[in-house]
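Work through the following exercises with the sequence and the coordinates at hand. Each task is followed by a solution in steps.

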Amino acid sequence: MVKNIGVFGRRNVGKSSFVNTFAGQDVSIVSPVAGTTTDPVRKRIEISGVGICNIIDTAGMDDLGEIGNLRMEKSRAVMDRVDLAILLFSENIFGKTELQLLEYFKGKGIPVLLLHNKSDIMPLDDSLAQELNGKFSADVLEYSCNLSKEETEEEQSAVAAMLLKLFSAADKYAEKPILDGFVKKNDIIVLVCPIDSQAPAKRLILPQVMAIRDILDNGGEAVVLQPSQLPDFMNKAEMSDGGLNVKLVVTDSQVFAEVNKMLPKHIPLTSFSILMARAKGPFEIYLDGLKSIDNLKSGDRVLILESCTHHTTCEDIGRVKIPGKLQRYLAQKNGNDDFFLEFDFVAGLDNMNLDMEYKLAIQCGGCMVTKRELVNRIEKLTERSVPVTNYGMTLAYLNGIMERVCYEPQR
Ligand SMILES: Nc1nc2c(ncn2[C@@H]2O[C@H](COP(=O)(O)OP(=O)(O)OP(=O)(O)O)[C@@H](O)[C@H]2O)c(=O)[nH]1
Ligand SMILES: [Mg+2]
């Protein structure tokens, strides 16, 4: 995916000069007159490590008068579209204009690179750099558009490396929509939501609501039904003119096997917990973690991570269901009726005892915590080579349905 990188700042700080030196071409007009750039100027470039990006030069955000306002409106429209912002300032002037821009981007979760330009005429003040770093955890780099070819190349690589770092961090923490990539306009997505004793009274649970919202956002059609209604709906779907466009069936994990039996094999099937793990967790790590289940030996220690403490169903899954199923599965697999595992449970975001030698950690869906919290916690384990997987995926694996589960959109 092409990434949009916007270059922002007040007038005359050298935004256009930066775009030209960074792109290695005369893309934008440069002049000592404040307000030279009027409309956004975009150039497609390849940044090493990052890939193809649109770099967008904008008008200064401290412009004056009616025309100035019109110019800034155009820049503001760009602000909403960028995946990353480069905020240029010079001569150690970091005032209201810069602060407002920085706060806007931070508020939207858009990564920002602060670039102190014109460092050839005035280097960046150490105390200002420290202040920006401390207060906003923003990275500041020195830059100058007036350097020799060699120095410019060095500067470019430093900027490219920083952009890569910022993009990777943003990617790591970005929560994807629950059906990311699965729904296109007019697609029908069937959501199987059993209303049984475990369902909360008079409402749906968060992953179900998130899925409905995501389908609506993408112009798809949500069909919400209980398991018993599925065969009827599928029949009607097949009988209708040309067949209905059922792209995916998402079911509650508890009834996966039942739904699987009722559903024609060519219709992709997945579960809410798999989708949650994919949207919210480090999914590749979870997939990898699953492979460690079969390597567990009797007496090994497994860590169960419950990120919420209030949900009785989750508690039951983490404390009773998974330990029981896991031990039964391994007892059978190893032909050892006495097979046992030691389990430790950590609730909320409480500290884990990392001195323990865990052979596997199983994380809950994490519907009550942010992805950042989840990823940071899991990284502490992967750094110690503890494999990590998640509740829904473990259950799917133990039930032998991981192969039927669709977790990537079919193209
Ligand atoms: N010494 C020095 N001058 C620079 C540097 N970068 C830009 N300039 C000069 O600063 C002036 C403004 O540069 P521009 O690139 O047009 O600045 P801008 O931010 O695009 O300005 P607007 O489009 O008016 O908002 C020009 O005279 C540039 O030559 C730099 O790194 N060092
Ligand atoms: Mg300009």
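For the sorting of residues, Ala, Val, Leu, Ile, Met, Phe, Trp, Tyr, Cys and Pro count as nonpolar, Asp, Glu, Lys and Arg as charged, and the others, Gly among them, as polar. The model is predicted: local features need pLDDT of at least 70, side-chain atom pairs count only at pLDDT 80 or more, and totals for chains, interfaces and linings use all residues. Residues are numbered from 1 along each chain as its sequence is written, chains are lettered from A and ligands numbered from 1 in the order in which they are written, and side-chain values use heavy atoms, without hydrogens and water.

**Exercise 1.** Describe the shell around ligand 1.

Step 1. The shell divides into seven nonpolar, 12 polar and four charged residues.

Step 2. Of these 23 residues (a heavy atom within 4 Å of the ligand), Lys15, Ser17, Gly35, Thr36 and Cys145 come nearest.

Step 3. Helix 1 (residues 15-23) gives the largest share, three residues; helices are DSSP runs of H or I with at least four residues, strands are runs of E with at least two, and both are numbered from the N terminus.

**Exercise 2.** Find polar side-chain atoms close to N or O atoms of ligand 1.

Step 1. For oxygen atoms of the ligand, the distance is 2.9 Å from Thr37 and 3.1 Å from Lys118.

Step 2. For a nitrogen atom of the ligand, Asn117 lies at 3.2 Å.

Step 3. Ligand 1 taken alone exposes 650 Å², of which the protein buries 88% (Shrake-Rupley method, 1.4 Å probe).

**Exercise 3.** How do the axes of helix 1 and helix 5 cross?

Step 1. The axes, lines fitted to C-alpha atoms over the stretch in contact, with angles from 0 to 180 degrees between N-to-C directions, come within 10 Å and cross at roughly 95 degrees.

Step 2. Helix 1 is therefore roughly perpendicular to helix 5 (65 to 115 degrees).

Step 3. Phe18, Thr21 and Phe22 of helix 1 meet Gln156, Val159 and Leu163 of helix 5, with contact meaning heavy atoms within 4.5 Å.

Step 4. Four of the contact residues are nonpolar, two polar and none charged.

Methods:
Polar contact = N/O pair within 3.5 Å; in protein donor to acceptor, adjacent residues only side chain to side chain. Parallel < 35°, antiparallel > 145°, perpendicular 65-115°, else oblique.
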